[in-house]
Structures are given as C-alpha cells and as structure tokens.
Amino acid sequence: MSHPTLSNQEVARRGKELYEKSIRAKVETQENIGKIISINVETGDYEIGDDLVETSLRLKSKQPNAALWGERIGFDAVYAVGGTLLRTAQ
C-alpha cells in the first residue's frame, strides 16, 4: 500500500528495522509465534492478532494515514503462496 510521503521501499526498510531493533525481543514469545504484527513505521506503535486486516484496522483507527508494515511473528513471510513459510524464531 502506498503512502503519501514514504515509498513502499522506505516503509519496508523502516518496518523491518523497527521489528529487528526494538520490537522482536518483546513479541517473539511462544504465545505469539505465528500471529500477525502490524507496525506503524512512523511511531513504532504495533498491534498483534490473527489477521493482517484486523491488526491494520486497529492501527488505522488511531492514525488513519499511518504507513504500516506487516510481519508474521517468528516466520520469514506473512503468507506463502505455493511455497512454505520458514520459521525464523527458535
């Protein structure tokens, strides 16, 4: 999804950086592995749930024009189409 001031590449870069540097250690718990996290790349706010749309809508309700990045906690991708998700968490 495009954002008025950030390119898709910048949203991805910021989202991955935020996840790795300040969020991952907090959320990669046994109860969260496999859940979806949506991250507001401008504020660092995030929501965790079972569905990308659900978590994104919760963040958008707080800041409608937010630039969001999504991840599947503990895996290398949110969805796998014709492939396999690789687990990255221990």
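Biologist: How many helices and strands does the protein have?

Modeller: The protein has two helices and three strands, the elements being DSSP runs numbered from the N terminus (helices H or I, at least four residues; strands E, at least two). From the N terminus on, their order is α-β-β-α-β. This is a predicted model, in which local features need pLDDT of at least 70, side-chain atom pairs count only at pLDDT 80 or more, and totals for chains, interfaces and linings use all residues. Residues are numbered from 1 along each chain as its sequence is written, and side-chain values use heavy atoms, with hydrogens and water left out.

Biologist: Which strands pair with S1?

Modeller: Two strands pair if DSSP finds at least two bridges between them. S1 (residues 36-40) pairs with S2 (residues 46-49) in the antiparallel sense over four bridges; Ile37 has Ile48 as its bridge partner in S2. Five residues lie between the strands of this hairpin, where Gly44 takes a positive phi near 85°. S1 also runs antiparallel to S3 (residues 68-72), joined by five bridges, with Ile36 opposite Arg72.

Biologist: Which way do the side chains of S1 point?

Modeller: In a regular strand the side chains alternate between the two faces of the sheet. In S1, Ile36, Ser38 and Asn40 point one way, while Ile37 and Ile39 point the other way.

Biologist: Are the residues of S1 buried or exposed?

Modeller: Buried means under 20% relative accessible area, exposed over 50%, and partly exposed in between (1.4 Å probe, protein chains only). Five of the five residues of S1 are buried. Of the 90 residues of the protein, 32% count as buried.
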